[in-house]
Amino acid sequence: MNALVENGPALLFYVFGALALVSAVGVVALRNPMYGAISLLTSFLSVAVLFLLRNAEFLAMVQIFVYGGGIMVLFLFVIMLINLHRLAEVKKFSAHMPVVALLVVLMIGVFGWFFLQTGFGPAFTQPDVFDHVGGVKMGNPEAVAMALYSPANLVPFEIASIFLLIAMIGAVTLGRRQ
């Protein structure tokens, strides 16, 4: 029982990592778009749990709010707007199966080689990269906010927000054209 408590975070990491991979494959392999969207949401939430396990609370919340919320709503709107009854039936994966199988074997070989060449040490449990900003000790979200909204990053942040505003206006305009 004591070994389970000690290895609990590693076990959770592998469980949610496997869940993220399986659900990502489900996004591509499932024929029903709604099941694919649910699988995508499962993948997003699994990645958020992986961020939480690595003490990256800010990234986990961004993953949930931006991807789990905003991007999923966008995907669901697209699925609802497409007339699924008029889409032609397409055989998936049959024509390119030998090429795909070869690429899968090559990718597994490359990842396996890197895995065997990597020396795994103890886990980096408490990242101190963002702990001290300007001599002040702060938590992860506060340090990320200080770095993001500093005067050096203000102009790129505002440019990104203007691009997002233009994209949103364009999406509303294209959606209302009918």
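Gly68 is buried in this predicted model, with a relative accessible area of 19%, where buried means under 20% relative accessible area, exposed means over 50%, and partly exposed lies in between, with a 1.4 Å probe and protein chains only. Not counting residues up to four places away in sequence, Gly68 touches Leu41, Phe44 and Gln63, contact being defined as heavy atoms within 4.5 Å.

This is a predicted model, in which local features need pLDDT of at least 70 and side-chain atom pairs count only at pLDDT 80 or more, while totals for chains, interfaces and linings use all residues. Residues are numbered from 1 along each chain as its sequence is written, and side-chain values use heavy atoms, with hydrogens and water left out.

The secondary structure of the protein comes to seven helices and two strands, and from the N terminus on the elements run α-α-α-α-α-β-β-α-α; helices (H or I, at least four residues) and strands (E, at least two) are DSSP runs, numbered from the N terminus. Of the 178 residues in the protein, 15% are buried. Among contacts between residues at least 6 apart in sequence, 54% join residues at least 24 apart. The accessible surface comes to about 14,200 Å², of which 76% belongs to carbon and sulfur atoms, areas being computed by the Shrake-Rupley method with a 1.4 Å probe and, for residues, with only the protein chains shown counting as cover.

Helix α3 covers residues 33-53, and its 21 residues reach 30 Å from the first C-alpha to the last, close to the 30 Å expected at 1.5 Å a residue; the expected span is 1.5 Å times one less than the number of residues. At its N-terminal end α3 is capped by Asn32, which has a side-chain oxygen 3.1 Å from the backbone nitrogen of Met34. The helix is followed by Asn55, a residue found in the loop between α3 and α4. Phi of Asn55 is near 60°, a positive value in a residue other than glycine, and Asn55 is partly exposed, with a relative accessible area of 24%.

Within α3, the residues Gly36, Ala37, Ser39, Leu40, Ser43, Phe44, Ser46, Ala48 and Leu50 are buried, and what covers them includes α2 (8-29) and α4 (57-81). An α-helix has 3.6 residues a turn, so residues three or four places apart point the same way. Ser39 is buried, with a relative accessible area of 10%, and touches Ser23, Ala24, Gly26, Val27 and Leu30 when residues up to four places away in sequence are not counted. The side chain of Ser39 also reaches the backbone oxygen of Ser23 at 2.4 Å, which is a polar contact, a term for a pair of N or O atoms within 3.5 Å where, within protein, one must be able to donate a hydrogen and the other to accept it, and where residues adjacent in sequence count only if both atoms are side-chain atoms. Ser43 likewise counts as buried, at 11% relative accessibility, and is in contact with Ala20, Ser23 and Ala24, leaving aside its neighbours within four places in sequence.

On the α2 side, the helix has 22 residues and reaches 31 Å from its first C-alpha to its last, close to the 32 Å expected at 1.5 Å a residue. The buried residues of α2 are Gly8, Gly17, Ala20, Ser23 and Gly26. Tyr14, which lies in this helix, counts instead as exposed at 61% relative accessibility; Tyr14 and Leu50 are 36 residues apart in sequence and 9.1 Å apart in space, C-alpha to C-alpha.

The surface also carries a nonpolar patch formed by Leu45, Leu52, Met61, Val62, Ile64, Phe65, Val66 and Tyr67, with about 660 Å² of accessible area together. Patches are made of residues with over 30% relative accessible area and no salt bridge, like charges being joined within 9 Å and nonpolar side chains (Val, Leu, Ile, Met, Phe, Trp, Tyr) within 5 Å; a salt bridge is a side-chain nitrogen of Lys or Arg within 4 Å of a carboxyl oxygen of Asp or Glu. Helices α3 and α4 each supply at least two residues of the patch, and the largest share, six residues, comes from α4. One of the patch residues is Met61, which is partly exposed, with a relative accessible area of 35%.
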